[in-house]
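Trainee: Can you walk me through this one? I have the viewer open.

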Amino acid sequence: MKKLLALIFGIILITPIVSLTGCVGGGNSENSVNDWSKAPINVYTRDPESGTREVFWEKALDKGDITKKAVVVPSNGAMKSAIAQDKYGIGYLSIGYLDSSVKAVKFEGIEPTEENVRNGKYPISRKLHMYVNKNLKDKDPEKYELVMEFIKFVQSKEGQEIVKKEGYIPLPNPQPYQKKEGLKGEIKIAGSTTVEPIAAECAKRFMQMYPNVKITVSGGGSGFGIKQVGEGLVDIGDASRDATPEEIEKYNLEDHVVGMDGVAIIVNPANPIDNLNKEQVKKIFAGEITSWGQVLGQ
């Protein structure tokens with residue numbers, strides 16, 4: 001009986017040690033080194049409607065190619081889940097979505113932090129927008145007034161506290177919100193999944209102040225939001241990229257900045273990579289660098 005118990009106890013002790021030898025950070029074993037020297041790079045990207053993709057493509061890739069082998073995901077949340085589950089994956093998302101389930105790497109030696117975005121050191125950054133169709137002012141003045149009052153709340157001290165709470169960078173020197181009596185009506189918002197949590201939480205607070213106001217918030221991506229508001233299908237189009245001059249002219253858009261954000265390059269927490277330069281990032285996403293061993297110099 002004692003021998004049986006000793007055997008069982010020995011198996012329990014050995015099991016985690018064996019499983020660790022195949023993992024990065026589990027020691028300086030040959031298995032650990034070989035694991036990453038031969039490991040493939042699995043590239044993840046966002047859909048074409050994504051403002052996050054647009055900013056990353058422009059500022060990190062210099063508008064270069066993205067490999068056709070890249071896995072396309074529909075949102076920041078989906079990107080985070082994908083990289084958290086793929087040991088060899090690489091992708092990008094809004095810094096507002098960062099948590100311990102993924103690892104943000106430095107870009108050209110600069111960490112993707114709020115401070116570095118605000119002071120301009122981190123280059124993959126952008127403004128967060130709420131676009132309104134100017135035609136709404138003449139078409140439905142009451143609706144336009146309601147929409148402007150909601151945006152005023154988002155840009156206020158109370159609204160910017162929500163921006164910060166959601167992990168984004170608030171506007172400088174916001175003023176306290178002054179409640180207006182008698183507001184009622186409905187607002188429809190769609191677009192960027194980066195701006196979506198800000199809009200949703202602000203909408204919740206706004207409706208608490210104004211019980212006769214109903215606000216619905218959905219995603220779909222920045223391009224989708226800009227098109228929807230331009231065509232009059234929603235009242236506010238959220239975007240995590242600047243609307244193009246063509247979009248502004250075509251849809252007669254009015255721009256309201258509600259915060260700032262950075263786009264972080266992310267890998268799985270098991271990945272030993274801590275920093276990537278622009279040339280490496282461009283070649284990885286173009287499919288020219290295909291293994292982590294090439295990046296690590298193994």
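Predicted model: local features only at pLDDT ≥ 70, side-chain atom pairs only at ≥ 80, totals over all residues.

Trainee: At what angle do helix 8 and helix 9 pack?

Mentor: About 140°, with their axes 9 Å apart. Axes are lines fitted to C-alpha atoms, for helices over the stretch in contact, and angles run from 0 to 180 degrees between N-to-C directions.

Trainee: Which residues make the contact?

Mentor: Glu 158, Gly 159, Ile 162 and Val 163 come from helix 8, and Ile 198, Glu 201, Cys 202 and Arg 205 from helix 9. Contact means heavy atoms within 4.5 Å.

Trainee: Switching to Ile 162: buried or exposed?

Mentor: Ile 162 is buried, because its relative accessible area is 4%. Buried means under 20%, exposed over 50%, partly exposed in between (1.4 Å probe, protein chains only).

Trainee: What does Ile 162 touch?

Mentor: Not counting residues up to four places away in sequence, Ile 162 touches Phe 153, Ile 198, Glu 201, Cys 202 and Arg 205. The C-alpha atoms of Ile 162 and Pro 197 are separated by 9.3 Å, at 35 residues apart along the chain.

Trainee: And how many residues in the chain?

Mentor: There are 298, and buried residues make up 46% of them.

Note on methods: Residues numbered from 1 in each chain as written. Heavy atoms only, no water. Helix = DSSP H or I, 4+ residues; strand = E, 2+ residues; numbered from the N terminus.
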